[in-house]
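Visitor: Please pick one part of this model and take me through it slowly. I'd like to know what sits around it.

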Amino acid sequence: MQTKKATASASSNIAFIKYWGKKDEEKIIPMNTSVSMTLRDSVSTTTTVTFSSQFPKDTLVLNGKKEVGKKLEKVSQFLDVIRKKFAVHEHAAVESQNSFPTGCGMASSASGFAALAMASVEALGIAIGKKELSALARRGSGSACRSVYTGFVTWSGSFAEQIYEKSHWPELRDVIVVIDAEEKKMSSRDAMKRTVETSGAYKKRLTVVDDRVEVVKQAIGQKDFPLLAKTIMEDSDEFHACLKDTKPSVTYLTEKSYKIIDAVRRMNTDQVIVGYTFDAGPNAHLITLEEHVESVAQNIKECIGGVSIIIG
Ligand code: PMV
């Protein structure tokens, strides 16, 4: 039996300027430019893909558990994109392991589809460049196209690009506060479609977000932490206001999320040392500098009980 097998890892990323809304639903072309930082190995996915003509269908083992429902369907649809693009006929066995605890409420689609895209092309012996790889990962999940790069990344059209290497600002860290282990009630795919269709606040966002992208790029370029923190908090607030304005409204933040926002404001009283940002879920990403990681984590644990912290 001839099998083609490879393993690859990719880290998750946190969007400083959020992608939300698609121009093309099937191809996943974003309505707006996003900017992100790729995280460390502590928030990564390692995936092994085996293609074989002996496999009657695709299979997925995620964190040691055989998946049969929606998750397998998404993976299989992504493998269909690969099969069609590269004229491949075999089915695949996919085995994926996250470095962070299972069921901790951390989204893994960005690292998951980036690792799957990387492992698949390697297994099939297809030589493609980074941009093409990014475009491929995008078909699994939009945010995955940014995770094929390390460092600081921007995404506007069909692929993402690195704007700065990780070594440009290695002190910048993400203190992830995991406050809910539940899977999110509404997928980002469905929620963003609804926002595009119904929110006036979102229409306004589209007119200002490009300027904010430039400010964030400048803040990263100049390593201006207060400007970065202020701008990412602004973007996160605006993003969640658009969700609230969606009809019917979408709520991802919980009471604990708001407590974290208050704690961040208190920590920034004398000097801006931390900025919050929230994706499509209640967990907080607290962006700070290496020298403040311990005190930020400690402060949050003292303010809010029952949370776990991952440093990305
Ligand atoms: O590509 P998805 O479905 O993981 O959507 C990502 C949406 C946000 O995480 C909220 C923003 C972003 O740019 O990562």
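Guide: A strand here is a DSSP run of E, at least two residues long, and strands are numbered from the N terminus. Before we go in: this is a predicted model, so local features need pLDDT of at least 70 and side-chain atom pairs count only at pLDDT 80 or more, while totals for chains, interfaces and linings use all residues. Residues are numbered from 1 along each chain as its sequence is written, and side-chain values use heavy atoms, with hydrogens and water left out.

Let's stop at Thr48, which belongs to strand S6 (residues 44-52). Thr48 counts as buried because its relative accessible area is 18%, and buried means under 20% (1.4 Å probe, protein chains only). What does Thr48 touch, once its neighbours within four places in sequence are set aside? Its contacts (heavy atoms within 4.5 Å) are Lys5, Ala6 and Thr7, plus Ala93, Val94 and Glu95. With Thr7 there's also a side-chain to side-chain polar contact at 2.8 Å; for that, a pair of N or O atoms must be within 3.5 Å, one able to donate a hydrogen and the other to accept it, and residues adjacent in sequence count only if both atoms are side-chain atoms.

A side-chain N or O atom of Arg146 is 2.7 Å from a ligand oxygen, and a polar side-chain atom of Ser188 is 2.8 Å from one.

Terms used. Helices (H or I, at least four residues) and strands (E, at least two) are DSSP runs, numbered from the N terminus. Buried means under 20% relative accessible area, exposed over 50%, partly exposed in between (1.4 Å probe, protein chains only).
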